[in-house]
Structures are given as structure tokens and as C-alpha cells.
Amino acid sequence: MRIWPMTAADAALVADLTTQLGYPTGSSETAERIAMLLERPEDHAALVAEEDGRVIGWVHVAIYTSLESGRVATIGGLIVGEGHRSSGIGAELLMAAEEWARENGAAKMTVRSRVTRE
């Protein structure tokens, strides 16, 4: 398993995972979103976990600057596909996001989650 930056070529598999996360979407819409994130590499990182040439998870982290806290990184989404959960992939994606956030000047990290999640 390896983790690397998401590309537009990952859109179909990322869309499937995003739908598993509870946000139904298609590959063309996902490709557009990926393109927008790639235009702002100083503020956003979208990373995928790949195994045997197939995307099996992703994480999106964004940095914003607030008056009270300075540069803060926020995990906006994290998903590991069914059949690959509970194997440490999510933890590795989170560590990669934390590393990116540190390298880009974030002193703090937060996580967003839907109220329906446990």
C-alpha cells in the first residue's frame, strides 16, 4: 500500500468511495472537484491510498487562517473502502495528512464529521 497525491485519473474510484462515505457523487463531478483542489496546493491536499493499482481510501485536508489560532488544518473527509477497513490504512492516511499540514505551517488540526456519525 502506498499513499500519494490524488489526480483526476483517480476520479471514478474516489467517487465510489465518496458515495460510501455518504455523499453520493459521480466521476465527472469528482474530477472537477479534484481539479479545483489541485489549483490550490498551498491550502489543500487530497491524498489516496493505493493497493495493487487501485484506490482504496482517501483523505482531504485543508488549511485556513483564523484570527484566534493562526493556520489550522482541517480534515474534511477520510474514507477507507469496504473490505479494507480496520487494517491501519485510515491511520496511515491521517498521518500523511498531519505531515502535510505540519510542512505547510499548520500548528493545529481539527476534524469535521457529520452529526449522524458515531
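Reader: How do you know at what angle the axes of helix 1 and helix 2 cross?

Author: First, the ground rules: this is a predicted model, where local features need pLDDT of at least 70, side-chain atom pairs count only at pLDDT 80 or more, and totals for chains, interfaces and linings use all residues. Residues are numbered from 1 along each chain as its sequence is written, and side-chain values use heavy atoms, with hydrogens and water left out. Axes are lines fitted to C-alpha atoms, for helices over the stretch in contact, with angles from 0 to 180 degrees between N-to-C directions. For helix 1 and helix 2 (residues 27-38), the axes come within 8 Å and cross at roughly 105 degrees.

Reader: Why is this pair called roughly perpendicular?

Author: The label covers 65 to 115 degrees; helix 1 and helix 2 are therefore roughly perpendicular.

Reader: Which residues make the contact?

Author: With contact meaning heavy atoms within 4.5 Å, A11, A12, V14 and A15 of helix 1 meet S27, T30, A31 and I34 of helix 2. They divide into 6 nonpolar, 2 polar and no charged.

Reader: What makes R2 sit over the ring of W4?

Author: The rule wants CZ of Arg (or NZ of Lys) within 6 Å of the ring centre and within 35 degrees of the ring normal. The charged end of R2 is 4.6 Å from the centre of the W4 ring and counts as sitting over it.

Reader: How do strand 4 and strand 5 pair?

Author: Pairing takes at least two DSSP bridges. Strand 4 (residues 70-80) and strand 5 have 4, in the parallel sense, and A73 stands opposite M109 in strand 5.

Terms used: Helices (H or I, at least four residues) and strands (E, at least two) are DSSP runs, numbered from the N terminus. Angles under 35 degrees count as roughly parallel, over 145 as roughly antiparallel, 65 to 115 as roughly perpendicular and the rest as oblique. Ala, Val, Leu, Ile, Met, Phe, Trp, Tyr, Cys and Pro count as nonpolar, Asp, Glu, Lys and Arg as charged, and the others, Gly among them, as polar.
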